[in-house]
Amino acid sequence: MERTGKIMRRSIYTFLQNYQFFTVTAALLVLPFSVSILLSQAFLPFSFSLLPIIHDRLQSLFYAAGFPPSSQFFTILNLKLSQTIASSIFTLPFTISFLLIGKSCIIQALNQKKPTFPPSFSSFISLYCPLLITYIWNSFLILSANATAFSVIFIAFNCVEGFGYLSPTFLLFLSAAAAILYSIILANSLIICNLALVSSGMERYGGHIAILKACVMIRGRTSAALSLALPVNLAMAAVEALFQYRIVRAYHFYGKPRSSMAVEGLFIAYMYSLLVVLDTIVSCVFFKSCKAGCWRDPDGTHSYPIEIAEEGCKAFENTRISEELP
(Lines give C-alpha, C1' and ligand atoms only; values in the text may rest on other atoms or scores of the structure.)
Protein backbone atom coordinates (compact mmCIF):
# COMPACT_ATOMS: atom_id res chain seq x y z
CA MET A 1 0.00 0.00 0.00
CA GLU A 2 1.10 3.57 -0.66
CA ARG A 3 2.50 5.66 2.14
CA THR A 4 0.28 8.09 4.00
CA GLY A 5 2.05 11.15 2.63
CA LYS A 6 1.70 9.94 -0.95
CA ILE A 7 -2.04 9.29 -0.49
CA MET A 8 -2.51 12.78 0.93
CA ARG A 9 -0.54 14.34 -1.94
CA ARG A 10 -2.57 12.41 -4.52
CA SER A 11 -5.79 13.55 -2.83
CA ILE A 12 -4.76 17.20 -2.84
CA TYR A 13 -3.56 16.88 -6.45
CA THR A 14 -6.94 15.41 -7.46
CA PHE A 15 -8.73 18.24 -5.65
CA LEU A 16 -6.64 20.95 -7.32
CA GLN A 17 -6.74 19.28 -10.74
CA ASN A 18 -10.54 19.46 -10.72
CA TYR A 19 -10.78 22.57 -8.57
CA GLN A 20 -13.81 24.08 -10.30
CA PHE A 21 -15.93 20.94 -10.00
CA PHE A 22 -15.14 20.29 -6.34
CA THR A 23 -15.41 23.90 -5.21
CA VAL A 24 -18.64 24.69 -7.07
CA THR A 25 -20.74 21.57 -7.60
CA ALA A 26 -19.70 19.29 -4.75
CA ALA A 27 -19.20 22.04 -2.16
CA LEU A 28 -22.62 23.59 -2.87
CA LEU A 29 -24.28 20.18 -2.48
CA VAL A 30 -22.65 19.77 0.93
CA LEU A 31 -23.19 23.40 2.01
CA PRO A 32 -26.66 22.93 3.61
CA PHE A 33 -25.25 20.11 5.76
CA SER A 34 -22.31 22.28 6.80
CA VAL A 35 -24.63 25.12 7.80
CA SER A 36 -26.77 22.74 9.86
CA ILE A 37 -23.80 21.16 11.66
CA LEU A 38 -22.28 24.54 12.56
CA LEU A 39 -25.59 25.98 13.73
CA SER A 40 -26.40 22.87 15.76
CA GLN A 41 -23.09 22.93 17.62
CA ALA A 42 -23.32 26.67 18.22
CA PHE A 43 -26.93 27.23 19.28
CA LEU A 44 -28.37 23.87 20.37
CA PRO A 45 -26.96 24.09 23.92
CA PHE A 46 -29.03 27.26 24.41
CA SER A 47 -32.22 26.64 22.42
CA PHE A 48 -32.84 22.90 21.99
CA SER A 49 -35.18 21.55 24.69
CA LEU A 50 -34.19 17.94 23.96
CA LEU A 51 -30.62 18.49 25.15
CA PRO A 52 -31.31 18.65 28.93
CA ILE A 53 -33.60 15.61 28.62
CA ILE A 54 -30.84 13.58 26.95
CA HIS A 55 -28.31 14.84 29.51
CA ASP A 56 -30.49 13.81 32.47
CA ARG A 57 -31.20 10.37 30.94
CA LEU A 58 -27.52 9.67 30.36
CA GLN A 59 -26.64 10.90 33.84
CA SER A 60 -29.22 8.57 35.38
CA LEU A 61 -27.87 5.71 33.25
CA PHE A 62 -24.29 6.35 34.39
CA TYR A 63 -25.34 6.51 38.04
CA ALA A 64 -27.39 3.31 37.73
CA ALA A 65 -24.42 1.55 36.14
CA GLY A 66 -22.28 2.38 39.15
CA PHE A 67 -19.95 4.95 37.64
CA PRO A 68 -18.51 7.27 40.31
CA PRO A 69 -20.37 10.61 40.37
CA SER A 70 -17.19 12.44 41.39
CA SER A 71 -15.35 11.46 38.21
CA GLN A 72 -14.64 14.45 35.97
CA PHE A 73 -14.37 12.10 32.99
CA PHE A 74 -17.99 10.97 33.14
CA THR A 75 -19.22 14.55 33.66
CA ILE A 76 -17.46 15.70 30.49
CA LEU A 77 -18.43 12.53 28.61
CA ASN A 78 -22.07 12.95 29.55
CA LEU A 79 -22.10 16.55 28.32
CA LYS A 80 -20.33 15.76 25.04
CA LEU A 81 -22.51 12.72 24.34
CA SER A 82 -25.65 14.74 24.99
CA GLN A 83 -24.52 17.48 22.61
CA THR A 84 -23.51 14.93 19.95
CA ILE A 85 -26.86 13.10 20.12
CA ALA A 86 -28.86 16.33 20.02
CA SER A 87 -26.77 17.66 17.13
CA SER A 88 -27.16 14.38 15.21
CA ILE A 89 -30.95 14.52 15.61
CA PHE A 90 -31.05 18.13 14.42
CA THR A 91 -28.81 17.53 11.37
CA LEU A 92 -30.24 14.10 10.41
CA PRO A 93 -32.45 15.40 7.53
CA PHE A 94 -29.48 17.28 6.04
CA THR A 95 -27.15 14.32 6.55
CA ILE A 96 -29.28 11.74 4.76
CA SER A 97 -30.04 14.14 1.92
CA PHE A 98 -27.42 16.77 1.07
CA LEU A 99 -24.37 15.07 2.61
CA LEU A 100 -25.01 11.65 1.06
CA ILE A 101 -25.88 13.18 -2.33
CA GLY A 102 -22.68 15.24 -2.22
CA LYS A 103 -20.60 12.17 -1.32
CA SER A 104 -22.23 10.11 -4.05
CA CYS A 105 -21.40 12.85 -6.56
CA ILE A 106 -17.72 12.86 -5.55
CA ILE A 107 -17.45 9.07 -5.39
CA GLN A 108 -19.05 8.61 -8.81
CA ALA A 109 -16.68 11.19 -10.32
CA LEU A 110 -13.65 9.32 -8.91
CA ASN A 111 -14.97 5.79 -9.42
CA GLN A 112 -13.40 5.29 -12.84
CA LYS A 113 -9.95 4.65 -14.21
CA LYS A 114 -10.28 8.00 -15.97
CA PRO A 115 -12.45 10.20 -13.74
CA THR A 116 -15.15 12.25 -15.43
CA PHE A 117 -16.10 15.74 -14.24
CA PRO A 118 -18.90 16.41 -13.73
CA PRO A 119 -20.66 13.02 -13.58
CA SER A 120 -24.17 12.70 -14.98
CA PHE A 121 -27.04 13.29 -12.58
CA SER A 122 -28.50 9.79 -12.98
CA SER A 123 -25.12 8.12 -12.42
CA PHE A 124 -24.43 9.58 -8.99
CA ILE A 125 -28.06 9.53 -7.84
CA SER A 126 -27.98 5.75 -8.38
CA LEU A 127 -25.36 5.58 -5.60
CA TYR A 128 -27.65 7.24 -3.08
CA CYS A 129 -29.53 4.09 -1.99
CA PRO A 130 -26.35 2.04 -1.21
CA LEU A 131 -24.92 5.00 0.71
CA LEU A 132 -28.15 5.49 2.66
CA ILE A 133 -28.34 1.80 3.62
CA THR A 134 -24.69 1.82 4.68
CA TYR A 135 -25.23 5.01 6.69
CA ILE A 136 -28.04 3.31 8.63
CA TRP A 137 -25.80 0.30 9.33
CA ASN A 138 -22.99 2.67 10.34
CA SER A 139 -25.32 4.20 12.92
CA PHE A 140 -25.87 0.79 14.48
CA LEU A 141 -22.11 0.19 14.44
CA ILE A 142 -21.44 3.45 16.29
CA LEU A 143 -24.09 2.56 18.88
CA SER A 144 -22.54 -0.89 19.32
CA ALA A 145 -19.06 0.62 19.69
CA ASN A 146 -20.28 3.00 22.39
CA ALA A 147 -22.11 0.18 24.18
CA THR A 148 -18.98 -1.99 24.07
CA ALA A 149 -16.77 0.79 25.38
CA PHE A 150 -19.17 1.59 28.24
CA SER A 151 -19.45 -2.10 29.13
CA VAL A 152 -15.67 -2.48 29.39
CA ILE A 153 -15.36 0.73 31.43
CA PHE A 154 -18.25 -0.36 33.66
CA ILE A 155 -16.59 -3.72 34.38
CA ALA A 156 -13.24 -2.04 35.08
CA PHE A 157 -14.66 0.54 37.51
CA ASN A 158 -16.78 -2.04 39.36
CA CYS A 159 -13.85 -4.47 39.67
CA VAL A 160 -11.62 -1.72 41.05
CA GLU A 161 -14.35 -0.61 43.45
CA GLY A 162 -14.90 -4.21 44.55
CA PHE A 163 -11.22 -4.55 45.46
CA GLY A 164 -11.33 -1.26 47.36
CA TYR A 165 -8.78 0.64 45.27
CA LEU A 166 -11.02 3.58 44.33
CA SER A 167 -8.88 6.35 45.83
CA PRO A 168 -8.94 9.86 44.26
CA THR A 169 -5.52 9.35 42.65
CA PHE A 170 -6.38 5.92 41.29
CA LEU A 171 -9.77 7.22 40.12
CA LEU A 172 -8.00 9.93 38.12
CA PHE A 173 -5.66 7.36 36.56
CA LEU A 174 -8.54 5.03 35.73
CA SER A 175 -10.56 7.88 34.22
CA ALA A 176 -7.63 8.80 31.98
CA ALA A 177 -7.27 5.17 30.88
CA ALA A 178 -11.04 5.00 30.20
CA ALA A 179 -10.85 8.17 28.09
CA ILE A 180 -8.00 6.71 26.02
CA LEU A 181 -9.83 3.40 25.57
CA TYR A 182 -13.05 5.12 24.55
CA SER A 183 -11.21 7.35 22.08
CA ILE A 184 -9.46 4.38 20.46
CA ILE A 185 -12.69 2.38 20.08
CA LEU A 186 -14.63 5.35 18.72
CA ALA A 187 -11.85 6.42 16.33
CA ASN A 188 -11.58 2.93 14.83
CA SER A 189 -15.36 2.73 14.49
CA LEU A 190 -15.55 6.07 12.69
CA ILE A 191 -12.74 5.07 10.32
CA ILE A 192 -14.51 1.81 9.47
CA CYS A 193 -17.80 3.67 8.91
CA ASN A 194 -16.15 6.21 6.64
CA LEU A 195 -14.40 3.52 4.59
CA ALA A 196 -17.62 1.47 4.42
CA LEU A 197 -19.48 4.48 3.05
CA VAL A 198 -16.89 4.92 0.29
CA SER A 199 -16.87 1.18 -0.37
CA SER A 200 -20.64 1.11 -0.83
CA GLY A 201 -20.36 3.88 -3.42
CA MET A 202 -17.38 2.38 -5.24
CA GLU A 203 -18.75 -1.17 -5.32
CA ARG A 204 -22.46 -0.21 -5.55
CA TYR A 205 -23.65 -2.31 -2.62
CA GLY A 206 -24.63 -1.18 0.82
CA GLY A 207 -25.34 -2.50 4.28
CA HIS A 208 -23.33 -4.89 6.38
CA ILE A 209 -21.29 -6.20 3.42
CA ALA A 210 -19.66 -2.78 2.99
CA ILE A 211 -18.85 -2.68 6.72
CA LEU A 212 -17.38 -6.19 6.63
CA LYS A 213 -15.20 -5.31 3.67
CA ALA A 214 -14.05 -2.13 5.41
CA CYS A 215 -13.09 -4.17 8.49
CA VAL A 216 -11.07 -6.56 6.32
CA MET A 217 -9.39 -3.79 4.34
CA ILE A 218 -8.44 -1.74 7.41
CA ARG A 219 -6.46 -4.58 9.01
CA GLY A 220 -2.85 -3.50 9.38
CA ARG A 221 -3.65 -0.04 8.06
CA THR A 222 -5.30 1.54 11.10
CA SER A 223 -2.37 3.87 11.79
CA ALA A 224 -2.36 5.05 8.16
CA ALA A 225 -6.12 5.66 8.25
CA LEU A 226 -5.78 7.63 11.50
CA SER A 227 -2.91 9.68 10.05
CA LEU A 228 -5.06 10.54 7.03
CA ALA A 229 -8.15 11.40 9.07
CA LEU A 230 -6.35 13.49 11.70
CA PRO A 231 -5.35 16.55 9.59
CA VAL A 232 -8.80 16.95 8.01
CA ASN A 233 -10.60 16.51 11.34
CA LEU A 234 -8.29 19.02 13.01
CA ALA A 235 -9.05 21.47 10.20
CA MET A 236 -12.80 20.88 10.68
CA ALA A 237 -12.42 21.51 14.42
CA ALA A 238 -10.55 24.73 13.63
CA VAL A 239 -13.37 25.90 11.32
CA GLU A 240 -15.93 25.09 14.03
CA ALA A 241 -13.89 27.11 16.53
CA LEU A 242 -13.69 29.96 14.01
CA PHE A 243 -17.49 29.90 13.68
CA GLN A 244 -17.83 30.04 17.46
CA TYR A 245 -15.39 32.95 17.69
CA ARG A 246 -16.61 35.04 14.76
CA ILE A 247 -20.37 34.32 14.61
CA VAL A 248 -21.59 33.00 17.95
CA ARG A 249 -19.54 35.50 19.96
CA ALA A 250 -20.77 38.39 17.78
CA TYR A 251 -24.37 37.16 18.07
CA HIS A 252 -24.21 37.17 21.86
CA PHE A 253 -22.49 40.57 21.82
CA TYR A 254 -25.08 42.30 19.61
CA GLY A 255 -28.04 40.24 20.84
CA LYS A 256 -29.44 39.77 17.34
CA PRO A 257 -28.25 38.53 13.94
CA ARG A 258 -26.78 41.01 11.44
CA SER A 259 -26.37 40.77 7.66
CA SER A 260 -22.56 40.81 7.93
CA MET A 261 -22.72 37.85 10.34
CA ALA A 262 -24.85 35.90 7.85
CA VAL A 263 -22.40 36.51 4.99
CA GLU A 264 -19.40 35.60 7.12
CA GLY A 265 -21.20 32.56 8.50
CA LEU A 266 -21.94 31.30 4.98
CA PHE A 267 -18.30 31.75 4.04
CA ILE A 268 -17.18 29.73 7.08
CA ALA A 269 -19.75 27.04 6.25
CA TYR A 270 -18.35 26.96 2.69
CA MET A 271 -14.88 26.37 4.13
CA TYR A 272 -16.31 23.48 6.16
CA SER A 273 -17.90 22.08 2.97
CA LEU A 274 -14.55 22.11 1.20
CA LEU A 275 -13.04 20.10 4.04
CA VAL A 276 -15.88 17.56 3.81
CA VAL A 277 -15.19 17.27 0.07
CA LEU A 278 -11.46 16.85 0.68
CA ASP A 279 -12.14 14.22 3.35
CA THR A 280 -14.25 12.24 0.86
CA ILE A 281 -11.49 12.46 -1.77
CA VAL A 282 -8.92 11.22 0.75
CA SER A 283 -11.19 8.31 1.68
CA CYS A 284 -11.65 7.38 -2.00
CA VAL A 285 -7.91 7.46 -2.69
CA PHE A 286 -7.24 5.43 0.47
CA PHE A 287 -9.88 2.88 -0.55
CA LYS A 288 -8.30 2.46 -3.99
CA SER A 289 -4.89 2.09 -2.37
CA CYS A 290 -6.16 -0.61 0.00
CA LYS A 291 -7.97 -2.41 -2.80
CA ALA A 292 -4.88 -2.44 -5.00
CA GLY A 293 -2.69 -3.74 -2.19
CA CYS A 294 -2.25 -7.24 -0.81
CA TRP A 295 -2.64 -8.53 2.73
CA ARG A 296 0.65 -9.99 3.84
CA ASP A 297 1.68 -12.33 6.60
CA PRO A 298 3.94 -10.85 9.26
CA ASP A 299 6.81 -12.93 7.80
CA GLY A 300 6.03 -11.66 4.30
CA THR A 301 5.68 -15.11 2.77
CA HIS A 302 2.07 -14.92 1.64
CA SER A 303 -0.19 -12.32 0.12
CA TYR A 304 -3.95 -12.21 0.38
CA PRO A 305 -5.79 -10.21 -2.28
CA ILE A 306 -9.31 -9.65 -0.98
CA GLU A 307 -12.30 -9.48 -3.26
CA ILE A 308 -15.99 -9.21 -2.47
CA ALA A 309 -18.30 -10.07 -5.32
CA GLU A 310 -22.05 -10.32 -5.67
CA GLU A 311 -24.25 -12.94 -7.32
CA GLY A 312 -27.92 -12.00 -7.33
CA CYS A 313 -28.83 -10.86 -3.83
CA LYS A 314 -26.02 -12.72 -2.08
CA ALA A 315 -22.50 -11.55 -1.43
CA PHE A 316 -19.52 -13.63 -0.63
CA GLU A 317 -15.87 -13.09 0.14
CA ASN A 318 -13.27 -14.76 -2.01
CA THR A 319 -9.78 -14.92 -0.64
CA ARG A 320 -7.02 -16.04 -2.91
CA ILE A 321 -3.74 -17.05 -1.35
CA SER A 322 -0.64 -16.85 -3.46
CA GLU A 323 2.97 -17.55 -2.67
CA GLU A 324 5.17 -14.46 -2.76
CA LEU A 325 7.71 -14.47 -5.53
CA PRO A 326 11.35 -14.28 -4.43
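Mentor: Y19 counts as partly exposed because its relative accessibility is 46%, where buried means under 20% relative accessible area, exposed over 50%, and partly exposed in between (1.4 Å probe, protein chains only). This is a predicted model, in which local features need pLDDT of at least 70 and side-chain atom pairs count only at pLDDT 80 or more, while totals for chains, interfaces and linings use all residues. Residues are numbered from 1 along each chain as its sequence is written, and side-chain values use heavy atoms, with hydrogens and water left out.

Y19 belongs to helix α2; helices here are DSSP runs of H or I with at least four residues, numbered from the N terminus. Together with I12 and L16, Y19 makes up a nonpolar surface patch with about 300 Å² of accessible area. Such a patch takes residues with over 30% relative accessible area and no salt bridge, with nonpolar side chains (Val, Leu, Ile, Met, Phe, Trp, Tyr) joined within 5 Å. The areas come from the Shrake-Rupley method with a 1.4 Å probe, and for residues only the protein chains shown count as cover.

Inside, the largest nonpolar core has 61 residues, of which F22, Y272, V277, I281 and F286 touch the most other members. A nonpolar core is a set of buried Ala, Val, Leu, Ile, Met, Phe, Trp, Tyr and Cys residues joined through side-chain atoms within 4.5 Å. The elements giving two or more residues to this core include α1 (4–17), α2 (19–47) and α10 (259–292). α10 supplies the largest share, 15 residues. Beyond its neighbours within four places in sequence, I281 has contacts (heavy atoms within 4.5 Å) with S11, T14, F15, F22, I106 and L110.

α8 is largely enclosed by the rest of the structure, because 8 of its 11 residues are buried. Among the buried ones are I209, V216 and K213. K213 counts as buried because its relative accessible area is 3%. The side chain of K213 meets that of E203 in a salt bridge, at 3.3 Å from N to O; the term means a side-chain nitrogen of Lys or Arg within 4 Å of a carboxyl oxygen of Asp or Glu. This pair joins helix α7, which holds E203, to helix α8, which holds K213, across 10 residues. Between those helices, R204 sits in the loop, and R204 has a positive phi of about 60 degrees although it is not a glycine.

Notes: Patches are made of residues with over 30% relative accessible area and no salt bridge: like charges are joined within 9 Å, nonpolar side chains (Val, Leu, Ile, Met, Phe, Trp, Tyr) within 5 Å.
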